[in-house]
Amino acid sequence: MICELFQERAFALRLVRRKLMGRKNMFSHLLTLSLCAGFFVAATNSRKREKKEVSAIAAQEPRLNDEIRTRECRLIGYDGSQMGIFNTREAQRIADGQGLDLVEIAPNAEPPVCRIMDYGKFKYDQAIKAKQARKNQTKVEIKEMKFRPKIDVGDYTTKKKHVLRFLEGGAKVKITIMFRGREMAHPEQGLSILERLADDLKDIAVIENAPKMEGRNMHMLIAPLPASAKKAAEKDAK
């Protein structure tokens with residue numbers, strides 16, 4: 001009787017152990033599957049991002065020579081002449097014979113338009129033109145000059161000279177009236193300073209942004225007159 005009880009108990013323990021091991025293995029399998037799925041999703045997203053980046057880079061440059069996959073194209077010669085519709089391979093042979101490149105300049109046309117050119121020289125010329133355009137651009141600075149509503153005559157004259165110097169240099173000037181404490185109750189004092197300054201500089205400047213209250217400050221933007229700006233540019237060129 002006692003032996004039978006011990007045997008039944010041992011059998012029950014083996015069953016419990018098997019169930020526990022089964023659950024452990026099942027959990028391990030689920031964890032492995034989850035990790036694999038996560039890795040697969042991450043890899044897929046990475047490949048998608050890479051394809052998008054490659055497409056974005058490719059979209060910046062036209063297709064050249066062997067990169068052109070269309071069966072036929074409308075060919076433009078090196079001198080700009082219309083040569084007609086050619087098989088792309090034949091167009092490539094014509095370009096190779098001249099020691100030049102076949103460049104797809106209108107991929108969405110039907111058929112696509114290709115041109116024979118020296119693409120390296122073309123890119124160099126474009127870079128030179130872009131550099132020259134940037135050099136010729138007029139850079140307009142915005143300076144700022146701050147006033148107080150109860151500014152005395154001496155300070156006003158000094159600050160006006162600075163504003164005049166900025167304008168003669170071709171810069172725009174942001175005039176700021178700073179209010180403190182009870183001065184906020186009298187915005188007309190700041191407005192009178194702005195009007196006075198605008199009147200003093202009317203021969204060389206124009207009001208671009210009218211006086212406007214923002215928080216505790218009142219702002220006005222003035223810009224040099226076109227004639228003054230042109231004179232400043234000629235001075236810089238010299």
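Predicted model: local features only at pLDDT ≥ 70, side-chain atom pairs only at ≥ 80, totals over all residues.
Leaving aside its neighbours within four places in sequence, Ile222 is in contact with Val163, Leu167, Lys172, Val173, Ile175, Leu201, Val206, Ile207 and Glu208.

## A four-stranded sheet

An open sheet is built from 4 strands in the order E2-E1-E4-E3, and its pairing is mixed. E2 and strand E3 (101–106) are the edge strands, each of which pairs on one side only, and the twist averages 35° from one strand to the next. Strands of a sheet pair through backbone hydrogen bonds, and this pairing may be either parallel or antiparallel.

Both senses of pairing can be followed from strand E1. Strand E1 (residues 72–76) pairs with strand E2 (residues 82–87) in the antiparallel sense over 5 bridges; here Glu72 stands opposite Asn87, and Cys73 stands opposite Phe86. The two strands form a hairpin with 5 residues between them, and Gly80 in the turn has a positive phi of about 90°. With strand E4 (residues 113–117), by contrast, E1 pairs in the parallel sense over 3 bridges, and the bridge partner of Leu75 in E4 is Cys114.

## Helix H2 against the sheet

Helix H2 (residues 88–97) lies across E1, E2, E3 and E4, running at about 125° to E2. Its buried residues are Thr88, Ala91, Gln92, Ile94 and Ala95, and seen down the axis of H2 these residues fall within an arc of 160°, so they line one face of the helix. An α-helix has 3.6 residues a turn, so residues three or four places apart point the same way. What covers the buried residues of H2 includes E1, E2, E3 and E4, whereas Arg89, Arg93 and Gly97, on the other side of the helix, are exposed.

Asn87 caps the N-terminal end, with a side-chain oxygen that lies 2.9 Å from the backbone nitrogen of Arg89, and H2 is followed by Gly99, whose phi is positive, near 70°.

Why does Thr88 count as buried? The relative accessibility of Thr88 is 6%, and because buried means under 20%, Thr88 falls in that class. Leaving aside neighbours within four places in sequence, Thr88 is in contact with Ile68, Thr70, Arg71, Glu72, Cys73 and Leu102.

Glu183 is found elsewhere, in the loop between strand E6 (172–178) and helix H5 (187–200). Its relative accessibility is 13%, so Glu183 also counts as buried. The side chain of Glu183 makes a polar contact with the side chain of Arg148, at 2.9 Å, and, not counting residues up to four places away in sequence, Glu183 touches Arg148, Pro149, Lys150 and Met178.

Methods. Residues numbered from 1 in each chain as written. Heavy atoms only, no water. Buried < 20%, exposed > 50% of the residue type's maximum accessible area, 1.4 Å probe, protein only. Polar contact = N/O pair within 3.5 Å; in protein donor to acceptor, adjacent residues only side chain to side chain. Contact = heavy atoms within 4.5 Å. Pairing = 2+ DSSP bridges. Axes fitted to C-alpha atoms, helices over the stretch in contact; angles between N-to-C directions. Arc of directions from axis to C-beta.
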